[in-house]
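Work through the exercises below with the model open. Each task is followed by a solution in steps.

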Amino acid sequence: ARRTTDGSGGGGGGGALRGALLLSGLRSRGAAANAAPPDEESKPPDLPLSIVIPVMNEEACIGAILRYLALLDPAPLEVIVVDGGSTDATCRLVAKAKGVKLLRTSLQSRAKQMNAGAAVAKGECVMFLHADTFPPLDSAALVSDAFSDPAVSLSAFRPILDHRGRTFWGMSLLHHVKTTAAAFLFRPVAAFQGMKIFFGDQAMVARASAFRKVKFCEALKTMEDLDLCVRLFFGVDEDSAAHTSYSALSRGSGRKGKGGVQRYKWRGTKFVYLNRCAHTSGRRIDEWGVAKSLKLFLVLSLSYAFKASPQSLNELANKVYSEVR
């Protein structure tokens, strides 16, 4: 989702913040047991959580998400905002936020910025958060509980998309379904083994130790989230990961492709849904309509599945987005 949160196109974020506070109360079965009583202070989670937010000219919404994250209970270990070279007031607004770490770069690449943030993160788990996505208020506790299983390396929330007071329930449901459907599209056997394809606007959370072995593919300006899921599930050499996508690496024949990547081999890792919803912007759907939004997803994901190079994927995305971000 594009990082616009308030639906007004202006500088505020109050509408999105209010909506997210309401939606943070949407809980799946049995989830209420995870919340602490209102008069009782939440204990720190067993697995500390770092939140990494890549930004580029996000002055319209960065204030709202940072104010919201300050309400999380229990609190995350840290919030790290990685700026890619903003020319607006983004960095000034982040610098004013209490307890938020600002990492200034000139990377202008979401994948590179998220890698940079994860490299300095101190938490055992790292949430990669879009600036227009609001996770549940008890995210840190939910993450700690999910990752208490040492086999879990990746998780995400179920998304609810809305814009200007309109909730896209059908697209939200479809977004949930494609988490599994995309896995069957790309690797059916792996899907049966438990692979899921999470996307960035679901507030993906990775175990830091597992993530640092693969990282986001820095050659990709789009589909880097899909690529991370596939490579975490199968495992990819760290040096190769930064230079090309798993899909392109796996074009070679035999059990090993270029770079010595062991293909199609499940490493025993688990991907799990976190038992809550995340609120994210549906601006693109409102702007383009459902049909065009679906077409773009299918074109990009199928291109990835059929082993398009990162350059080809980036060129394809640039024809549609004025900014890939």
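A residue counts as buried when its relative accessible area is under 20%, and as exposed when that area is over 50%. The model used here is predicted.

**Exercise 1.** Locate Ser86 and describe its surroundings.

Solution. Step 1: Ser86 sits in the loop that runs between strand 2 and helix 3 (90-96). Step 2: its relative accessibility is 17%, therefore Ser86 counts as buried. Step 3: with neighbours within four places in sequence set aside, Ser86 is in contact with Val55, Met56 and Asn57. Step 4: look at the polar atoms. A polar atom of the Ser86 side chain lies 2.7 Å from the backbone nitrogen of Asn57. The Ser86 side chain also makes a polar contact with the side chain of Asp83, at 2.3 Å.

**Exercise 2.** Which residues of helix 4 (residues 110-120) are buried, and against what do they pack?

Solution. Step 1: the buried residues are Arg110, Ala111, Gln113, Met114, Asn115, Gly117 and Ala118. Step 2: recall that an α-helix has 3.6 residues a turn, so residues three or four places apart point the same way. Step 3: the buried residues of helix 4 pack against strand 1 (49-55), strand 2 (78-83), strand 3 (100-104) and strand 4 (125-128). They also pack against helix 8 (208-211) and helix 9 (224-234).

Key:
Residues are numbered from 1 along each chain as its sequence is written. This is a predicted model: local features need pLDDT of at least 70, side-chain atom pairs count only at pLDDT 80 or more; totals for chains, interfaces and linings use all residues. Side-chain values use heavy atoms; hydrogens and water are left out. Buried means under 20% relative accessible area, exposed over 50%, partly exposed in between (1.4 Å probe, protein chains only). Helices (H or I, at least four residues) and strands (E, at least two) are DSSP runs, numbered from the N terminus. Contact means heavy atoms within 4.5 Å. A polar contact is a pair of N or O atoms within 3.5 Å; within protein, one must be able to donate a hydrogen and the other to accept it, and residues adjacent in sequence count only if both atoms are side-chain atoms.
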